[in-house]
Amino acid sequence: MSERTQVGIVGAGPAGLVLGHLLHLRGIDSVILEDRDRDYVEKRVRAGVLEQGTVDLLTEMGVGGRLQREGLVHHGVELRFDRRGHRIPFDELTGGCGITIYGQQEVVKDLIAARLETGRPLLFEVDDVRPEGLDTDRPTLRFRHGGDERELRCDFIAGCDGFHGVCRDAVPDGVLTRHERAYPFGWLGILAEVAPSSEELIYCHHDRGFALHSMRSPELTRLYLQCEPDEPIESWPDERIWEELHARFESEGWALKEGPIVEKGVTPMRSFVAEPMQHGRLFLAGDAVHIVPATGAKGLNLAVADVRVLADGLSRWFSNQDDTLLRSYSEQCLGRVWHAQYFAWWMTQLLHRMPDDGDGFQTKLQRAQLSHVVSSRAAATALAENYVGLRR
Ligand code: FAD
Ligand code: DHB
């Protein structure tokens, strides 16, 4: 079966769904292809921190209703080290800015509902997606769906299929330059049915390793622990997780509340950028083309920022065949991407226990940096500006 669309979008994560909706609002049609089922995509627990720019865009797009009602607006975070907490007041340091805590899976649910309402195609459980003819003006997505072999002829393809997708690898050898760092640790993340133990996020430095206290709602706590990068989840029974969390977060007058663990998983920490973010008629966006370590809470925000630029470029092209914006897509995005890469790396090296730190040199440097951040207004402002997403 052969069909046609203006933009073929691979992946129904935040990047693909936001792009599809922005194009819809400008009267451009698209088909979104997703290899997982709807339930899986809507339940996948990942990011939680939205920058104001992301919140504003989702609201302008008309998908911010529940986000406005249920999102938790925070005006600061705590840095905890040597068993003491130090608040970084974002609002005071950035002229009133903050962040919103709202689960990525909730963003995805809202976007899927909005997509289905438009009546435009969103196909789940597609198999074997093959992007072809990227160097021609009629690129094609071939795939299987419901047992049928299908062909989708497009004007453009958007590769929004995440780090393990197929689009980046469809670019011929030698075109992309890849920059990569794998960190010698990962994060074990859990979701627990218990009220958060703090009103704000806590980024905790400890000799046993990093820990992070976050939340999803007044009844749901999200917690992370630094662990081995390839740690089998079976080696972390619930009791061991709580024991480790209590040890790392220990602070006088503060107690971590426990509750049933309803989700757990291990995520590796990686920095990755492939550039340029485009080849021929294929445009790569979000995790398909860059990964930041989660410590800076930037990945989802970057994915949304990419497709905002891409939607403007595509819209200009479809209205008068002007490709100026499309040609500068990669350049426009990469400045922001590398800035976020820098901040995420900085937060990561500041807060994690380095496994090769034999004589404790790195730990000493981390304490010195942490003391500087919490005692110098200039240093705290730098962290706050980066965290909330203010770019000069
Ligand atoms: P994805 O969300 O990965 O979406 C890609 C989609 O493509 C998926 O639905 C996938 O199933 C689909 N797909 C893959 N291959 C194919 C294929 N061959 N064919 C069709 N479909 C395919 N970011 C933040 O901004 N703030 C945070 O607080 C934060 N915390 C995080 C915590 C954790 C534990 C993790 C793991 C990540 C975190 N991130 C955070 C990062 C954020 O989750 C990602 O950057 C974000 O999901 C990127 O969105 P995306 O749409 O580019 O990719
Ligand atoms: C969350 C995730 C992050 O990576 C982060 O830096 C802060 C919060 C979260 O899932 O809530």
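A polar contact is a pair of N or O atoms within 3.5 Å; within protein, one atom must be able to donate a hydrogen and the other to accept it, and residues adjacent in sequence count only if both atoms are side-chain atoms. The model is predicted: local features need pLDDT of at least 70, side-chain atom pairs count only at pLDDT 80 or more, and totals for chains, interfaces and linings use all residues. Residues are numbered from 1 along each chain as its sequence is written, chains are lettered from A and ligands numbered from 1 in the order in which they are written, and side-chain values use heavy atoms, with hydrogens and water left out.

View 1. An oxygen atom of ligand 2 lies 2.7 Å from an N or O atom in the side chain of Tyr203. For the side chain of Ser214 the distance to an oxygen atom of the ligand is 2.6 Å, and for that of Arg216 it is 2.7 Å. On its own, ligand 2 exposes 290 Å², of which the protein buries 96% (accessible areas come from the Shrake-Rupley method with a 1.4 Å probe; for residues, only the protein chains shown count as cover).

**View 2. The shell around ligand 2.** There are 16 residues around ligand 2, and Tyr203, Ser214, Arg216, Tyr224 and Ala294 come nearest (a residue is near a molecule or strand if one of its heavy atoms lies within 4 Å of it). Strand E16 (211–217) and strand E17 each give two or more residues to this shell, and E16 has the largest share, three residues. Helices (H or I, at least four residues) and strands (E, at least two) are DSSP runs, numbered from the N terminus.

**View 3. An aromatic pair with Tyr224.** The structure holds 15 aromatic pairs. In one pair, the ring centres of Trp187 and Tyr224 are 4.7 Å apart and the planes stand at 45 degrees, so the pair is tilted. Rings of Phe, Tyr and Trp (its six-membered ring) pair if their centres lie within 6.5 Å; planes under 30 degrees apart count as stacked, over 60 as edge-to-face and the rest as tilted. Trp187 belongs to strand E14 (residues 177–192) and Tyr224 to strand E17, so the pair ties together parts that are 37 residues apart in sequence.

**View 4. Ligand 1 and its surroundings.** Glu34, Arg44, Gln104, Asp287 and Leu300 come nearest among the 33 residues around ligand 1. Oxygen atoms of this ligand lie 3.2 Å from a backbone N or O atom of Pro14 and 2.9 Å from an N or O atom in the side chain of Arg46. The protein covers 91% of the 1,000 Å² of accessible area that ligand 1 has on its own. Helix H8 supplies the largest share of the shell, four residues.

**View 5. The second largest pocket.** This pocket has 19 lining residues, and Glu51, Asn301, Ala305, Arg336 and Gly389 lie nearest its centre. Its space is about 350 Å³. Helix H8 gives the most to the lining, with five residues. On a 1 Å grid over the protein atoms alone, a cavity is a set of points where a 1.4 Å probe fits but cannot get out, and a pocket is an open set with protein on both sides within 12 Å along at least five of seven lines; lining residues have an atom within 4 Å of a point. Grid points are joined across faces, edges and corners, and a volume is the space filled by probe spheres set on the points.
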